[in-house]
Protein chains: 2
Amino acid sequence: MPLLMLKDLPRYECLLEAARSFPDLDPSACEAFLNLLRAGDEAYRQSESFFSEHNISPGRFTVLMLLSGTLGREPLPQTPAELAEKAGVTRATITGLVDTLERDGLVRREHDSDDRRMMLVHLTQKGHAALREILPGHFKRMAALMAPLSEHERKTLVRLLDKVAGQASAMGPGARSQSQAAAV
Amino acid sequence: MPLLMLKDLPRYECLLEAARSFPDLDPSACEAFLNLLRAGDEAYRQSESFFSEHNISPGRFTVLMLLSGTLGREPLPQTPAELAEKAGVTRATITGLVDTLERDGLVRREHDSDDRRMMLVHLTQKGHAALREILPGHFKRMAALMAPLSEHERKTLVRLLDKVAGQASAMGPGARSQSQAAAV
DNA sequence: AAACGATGATTAGCCGCCTAACTACTTGGC
DNA sequence: GCCAAGTAGTTAGGCGGCTAATCATCGTTT
């Protein structure tokens with residue numbers, strides 16, 4: 001998540017003191033929120049750093065994953081609109097990502113035969129090979145990052161994060177709307 | 001965190017099945033990792049949506065917060081290098097952010113009198129007023145997002161996220177290095 | 001006094017996100 | 001058959017991140 005963010009978060013004690021001047025400041029909510037942004041950003045930068053070693057970006061990797069279908073199965077061509085919906089970005093963004101993936105030979109576009117407004121984006125053999133090369137290291141990196149947490153702690157983390165994500169969706173603007181997708 | 005990310009994460013059962021084809025895939029680590037990215041992204045988008053109502057971006061907001069010093073205290077002029085270090089971005093990025101903040105009259109730059117290589121960035125009165133206008137709503141939004149979690153769950157979340165962030169730092173490339181900063 | 005190495009900030013160009021507008025195409029009503 | 005409305009994808013421009021290069025400045029050495 002390339003986004004500007006503080007490297008060191010304020011201590012809880014500082015938040016308590018700040019709450020004196022700002023009655024709307026809930027110290028524990030603030031602390032949790034900032035820690036979530038920071039951990040999410042660091043997790044993203046970890047994957048970004050790893051992907052750059054393979055000359056790909058997280059966004060392009062996600063597009064390749066969506067086109068590969070369920071892991072180990074048949075590639076699944078999709079339209080830019082479908083990719084955008086599943087990835088939670090705009091169709092304009094997908095155009096840019098597919099442009100560079102096509103330039104590098106990892107995907108190819110073709111018009112739908114029935115409706116020429118629509119494109120189908122296909123994973124190429126080269127794209128498939130690129131994924132197979134990247135995935136083991138990606139999974140190792142994920143596992144390494146989560147190594148300090150026990151199985152129980154991971155389940156707890158997922159449960160708490162899901163609560164927050166659910167609330168973000170319920171709060172509306174800014175959160176990604178519901179859709180069905182499966183890709184790692 | 002404007003970054004491309006899946007809207008709906010794969011179910012744990014799908015990860016278990018995928019692990020058959022990819023021995024490096026640790027299902028619980030993968031699930032936790034993806035949930036962290038998604039929740040972090042949604043939290044970021046929540047704040048981004050809120051800030052856009054005030055014609056500011058999260059990055060610029062962070063710069064203003066760093067210049068305001070500890071909440072409620074005296075503004076604290078800083079150099080672009082200090083801002084970059086504390087925010088965990090490059091000096092080039094800070095140049096761009098300060099450019100637009102200066103254009104909008106929220107900050108001003110002046111050369112350091114002793115060393116003219118260095119700039120000092122000051123928060124203006126207008127910038128200070130903008131912060132005071134934004135902060136109550138920002139804190140309310142944070143509190144609303146974290147409302148589904150009890151105090152105990154928030155503490156647990158912070159503890160688990162801190163473990164992950166610590167591990168990211170230990171893993172090196174991609175993670176933000178340690179520095180001292182306090183700003184909300 | 002001049003040269004050199006280092007530092008701080010900025011600039012240039014790329015990438016990935018956005019919104020808004022545009023182009024190509026499809027569908028349905030008349 | 002024509003036209004209006006809507007859809008899909010792309011383009012243009014802005015913003016915020018990056019790297020690498022450039023410019024201005026400082027301190028040290030000769």
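**Figure 1. Salt bridge between A:Glu102 and A:Arg109.** In this predicted model, a salt bridge joins the side chains of A:Glu102 and A:Arg109, with an N to O distance of 2.8 Å. A:Glu102 is partly exposed, its relative accessibility being 32%. A:Arg109 also counts as partly exposed, with a relative accessible area of 22%. Over all chains, the count of salt bridges comes to 26.

**Figure 2. Salt bridge between A:Arg154 and B:Asp26.** The closest N and O atoms of A:Arg154 and B:Asp26 are 3.1 Å apart in this salt bridge. The pair crosses between chains: A:Arg154 belongs to helix α7 (residues 151-171) of chain A, whereas B:Asp26 lies in the loop between α1 (12-21) and α2 of chain B. A:Arg154 is buried, at 6% relative accessibility. B:Asp26, by contrast, is partly exposed, with a relative accessible area of 24%.

Figure 3. B:Glu151 and B:Arg154 form a salt bridge in which the closest N and O atoms are 3.5 Å apart. Both residues lie in helix α7 (residues 151-171) of chain B, and they are three residues apart, about one turn of the helix. B:Glu151 is partly exposed at 44% relative accessibility, while B:Arg154 is buried at 6%. Through shared partners, salt bridges join A:Asp26, B:Glu151 and B:Arg154 into one network.

**Figure 4. Surroundings of B:Leu36 in the largest nonpolar core.** The largest nonpolar core has 100 residues, and those with the most contacts inside it are A:Leu36, A:Met146 and B:Leu36. From chain A, this core draws at least three residues from each of domain 1 (13-53) and domain 2 (56-167).

**Figure 5. Side chain of B:Ser68 and the backbone of B:Met65.** B:Ser68 is found in the loop between α3 and α4 (80-87) of chain B. A polar atom of the B:Ser68 side chain lies 2.9 Å from the backbone oxygen of B:Met65. B:Ser68 counts as buried because its relative accessible area of 6% is under 20%.

Figure 6. A:Asn55 has a positive phi of about 55°, although it is not a glycine. This residue lies in the loop between α2 (27-53) and α3 (58-68) of chain A. A:Asn55 is exposed, because its relative accessible area of 67% is over 50%. B:Asn55 likewise has a positive phi of about 55° without being a glycine. The loop that holds B:Asn55 runs between α2 (27-53) and α3 (58-67) of chain B. B:Asn55 is exposed, with a relative accessible area of 66%.

**Figure 7. Elements and surface of chain A.** Chain A contains seven helices and two strands, arranged from the N terminus as α-α-α-α-α-β-β-α-α. Of its 184 residues, 54% count as buried. Among the contacts in chain A with a separation of 6 or more, 52% are between residues 24 or more positions apart. Chain A exposes about 8,200 Å², of which carbon and sulfur atoms supply 51%.

Key: Residues are numbered from 1 along each chain as its sequence is written. Chains are lettered from A and ligands numbered from 1 in the order in which they are written. This is a predicted model: local features need pLDDT of at least 70, side-chain atom pairs count only at pLDDT 80 or more; totals for chains, interfaces and linings use all residues. Side-chain values use heavy atoms; hydrogens and water are left out. Helices (H or I, at least four residues) and strands (E, at least two) are DSSP runs, numbered from the N terminus. Buried means under 20% relative accessible area, exposed over 50%, partly exposed in between (1.4 Å probe, protein chains only). Contact means heavy atoms within 4.5 Å. Accessible areas come from the Shrake-Rupley method with a 1.4 Å probe; for residues, only the protein chains shown count as cover. A nonpolar core is a set of buried Ala, Val, Leu, Ile, Met, Phe, Trp, Tyr and Cys residues joined through side-chain atoms within 4.5 Å. Domain bounds come from an automatic or database domain assignment. A polar contact is a pair of N or O atoms within 3.5 Å; within protein, one must be able to donate a hydrogen and the other to accept it, and residues adjacent in sequence count only if both atoms are side-chain atoms. A salt bridge is a side-chain nitrogen of Lys or Arg within 4 Å of a carboxyl oxygen of Asp or Glu.
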